[in-house]
Amino acid sequence: MKRLLLLLVAALVLAAPAQAAKPRTILTTDGEVDDIDTMIRWFLYANEMEPVGLVYSSSQWHWKGDGKGTLYTSETRGGAPRTSLRWVRGLECDRPTVPCTNPNPDETWIQELIDLYGQSYDTLKQHDPSYPTPAHLKSLVRIGNIEFEGEMAKDTAGSDLIKDVLLDNDPSPVYLQIWGGTNTVARALKSIEDQYKGTPQWDAIYDKVSKKAVIYTVLDQDITYNRYVLPNWPKIRVIYNADQFWSFAYQWRSRVPLELRPYLQGPWMRENILTGHGPLMAKYYSYGDGRVIPGDESDHRQGLDMNPATMNDFISEGDTPAYLHLMDTGLRSLDNPTWGGWGGRFTQSPTNAYRVEDLPNTRDFNPYAVTTTTVTTPAAAGATSINVASVGPIGVGLPITIGTQTRTPATVGTAQGANTTLLTAAAVGATNIKVPSINGFVVGQKILLNTGAGLQTPTVTEIGTAGVATALAGAHVVGATNIKVASVNNLAVGDTLTVDNGANVETVTITSVGTAGATGTGVGITPALALAHNNNAAVRDQSKPGTGITFTPALAAAQAMNTGVRGAGSGVTLTEPLSEAVPAGTVISSNWNTTYPQTRWVDVIQNDWAARADWLVKSYDDANHAPTVTTPHPDMVFAPGQRVALDGAALDPDGDAVTFKWWQYYEADTYAGRIAIDGAATRNASFVVPSDAKPGDTIHAILEVKDAGTPALTKYQRVVVTVGTNVPGTVGGTVPATLSLTLGAPATFGAFTPGVEKEYTATTDATVISTAGDAALSVSAPGHLTNGAFSMPEPLRVELAKTAWTAPVSNEKVGVTFKQLVKAGDALRTGTYAKTLTFTLSTTAP
């Protein structure tokens, strides 16, 4: 592409935008493949921010151990004690088929990636000289608290770096990206507290750090935020991403709309990232690439079903939104995370003024697909609440379709609980059932007993205790006198057990209780099994059914043992009653999706990455670069009924043509309605503030500019219009009654010639001013011109160009014409003939 600056609109002079300081940031990472791929992409965005620390940390998924053989059991995951968990030191020996000995005994994978970045640095910096040097990046690397999940007992090089940055004299925010656990950041804060609390400086230090630190965390991957940071540093701002990150993580196939998934699949990845883009991108991990990261030999799925994965599909970069949030795309999400941008969109926490979060209330309208759930209990016409199988598709204030009816949820409570089964049969008229679990049952809420035509939905009046149940741990044959069970908790000799369900059920008595599991000593029974039973068949202790769940009304139909039952949840209340009855099983659908605030940007984010991958291997002239987009008034205030002018412009550094598109980001608005943008496909558009907009409402208009380069790149500007108020103001003055008539210069006929017949003409004008509702102009009877005792034989005539007005008039000139006929036989006396006339301006409506 030819390198030049193209002024798209010749008449518009674009001032260079003021360069805001780049946001300072510290990356903390636990070294999962997800983090490694996130880091590889991050190097291409290091020019968009000021990195001040790259810190190894731990998480519940990855920790190194102390090297002393100390056994540790996860506080969050439980399980068997271990000396380490999936800890990655280096990446050099990641091809199992290639003999390799890692020469680095310590943590080096970040430094190894910096070396690969360095191999393309000279080419990369042609595209932006502000890319940090490899040497500078290496100077930022520290090892933090990595020995155990959540370990924050001691200072480390990583926690010291974080502490020093938080205490330095730069007052600008420091964005602490938490790709793993929060523990190294927590240790830095604890060290600050230990040093200053109780000293005269503490209040100032506490305020300084609280205002400076901003934590962007992807999930809670250890307990240090909730156990230490939140109680002790409650004013530190937090951006909590618990769901939207899955758009760029292992679950992307179920989160990204089908139409956008090609940007994450093998063919796109090979063409745009993996092949021919230098050593750094060649290191990027993808499905089926045959590499295994030393120390983390899992398939990185964490138990998730990723089928159907194809060769070189994207694996996961769940932490990438943390730094995309810092990028200046023009969407201004760094100004306010609730506005939305490439790093997601968030909602103010209802319980913490310093925290924004994505769940449960942040949803964008997904035009690609609907999500569904079902009504679980019948609802009559006029009902204002419904019970639902899942609240996932439902958000407060966001329309849903219930069968054929559209309604808006006023509140969203809980969905149905987990399914359990009856321990014993329940007869007609019963008001109590025995269950192995009471989880999900709440007094005052309905229960869902049975399904389909057999569904009964009484209301819980009392919750007692659960009964005892387990399951077979392995298949069992006829004649067995010992059964292996998943759990022996609360089983005792002499208890009566039912084994299996339906036609295969049989009853036995416990003779001995051993240990649980398929390899345990099991439970002795009598008599011997008369039937064969499959693995996981139900085992219920009929001697310990618990006190169960009491309800009203009584059962109208008997229910067999093993019948499914669950709590119905508190459900969803509606702003408007149902107009028609809704049966159980009715589908509820919605386009409002909790992941779409992130997935809506997938294509433009991936294209931006592809362009930057080109920068690793292409000269400036051969690569594409995003346009610069500006708007003169990013924040405006207009009242309802006023027209808002939306003005934008763009410069493309490569001279590519660009397209303009204005659209309303209504999910970010506080105004609940929609606007119609006139001229949306042009750089200069407009809209009228709707009449129902209330003072203080905000309307977000996005200018999206896309270039015609390869790959096509997109940048934005956001205009936020705050609705003002039309305030009546009174100002006035009085107009005195005025009738004014002014005549022009005196008219003259000149010299009359005796003996010659001729009509002489003279003119002047009258200037009229009138404040009256009407006005009339008249002249007195002209009579004859006189010269002493002599008069003209013929009368003088006067003609007025206008004689009447029906409204006020100001300084209107009216032509006045005088006419005098002299006949050939008229005797004229020497001298001057003249006549004085009276002109009158009058009104009947002063």
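## A pocket to start with

Let's begin with the second largest pocket, which has a volume of about 540 Å³. Keep in mind that everything here comes from a predicted model.

What lines this pocket? The second largest pocket has a lining of 27 residues. If you want to find its centre, look for Ala747, Phe749, Leu785, Tyr833 and Ala834, the lining residues that lie nearest to that point. Sorted by class, the lining has 17 nonpolar residues, eight polar ones and two charged ones.

## H1 and H2

Now for some helix pairs. Helix H1 covers residues 33-42 and helix H2 covers residues 109-119. Their axes come within 11 Å and cross at roughly 30 degrees. Angles under 35 degrees count as roughly parallel, so H1 is roughly parallel to H2. The crossing of these two helices, H1 and H2, is right-handed.

Which residues do the touching? On the H1 side you'll find Asp35, Ile36, Met39 and Ile40, and on the H2 side Trp109, Ile110 and Leu113. By class, the contact of H1 with H2 splits into six nonpolar residues, one charged and no polar.

## H5 and H6

Next up are helix H5 (residues 157-167) and helix H6 (residues 183-196), whose axes come within 8 Å. They cross at roughly 60 degrees, which means that H5 is oblique to H6. H5 passes H6 in a right-handed crossing.

H5 brings Gly158, Ser159, Ile162, Lys163, Leu166 and Leu167 to this contact. From H6 come Thr184, Val185, Arg187, Ala188, Leu189, Ser191, Ile192, Gln195 and Tyr196. How do the residues of the contact of H5 with H6 divide by class? There are eight nonpolar, five polar and two charged residues in the contact of H5 with H6.

## H10 and H14

The last pair links parts of the chain with quite separate numbering: helix H10 is residues 266-274, while helix H14 is residues 602-615. The axes of H10 and H14 come within 9 Å and cross at roughly 40 degrees. That angle is why H10 counts as oblique to H14.

In H10, the residues to look for are Trp268, Met269, Asn272 and Ile273. They meet Gln606, Asn607, Trp609, Ala610 and Ala613 in H14.

Key. Residues numbered from 1 in each chain as written. Predicted model: local features only at pLDDT ≥ 70, side-chain atom pairs only at ≥ 80, totals over all residues. Heavy atoms only, no water. Axes fitted to C-alpha atoms, helices over the stretch in contact; angles between N-to-C directions. Helix = DSSP H or I, 4+ residues; strand = E, 2+ residues; numbered from the N terminus. Parallel < 35°, antiparallel > 145°, perpendicular 65-115°, else oblique. Left-handed = near helix turned anticlockwise from the far one by under 90°. Contact = heavy atoms within 4.5 Å. Nonpolar A, V, L, I, M, F, W, Y, C, P; charged D, E, K, R; others polar. 1 Å grid on protein atoms, 1.4 Å probe; cavity = no way out; pocket = protein on both sides within 12 Å on 5 of 7 lines; lining within 4 Å. Points joined across faces, edges and corners; volume = space filled by probe spheres on them.
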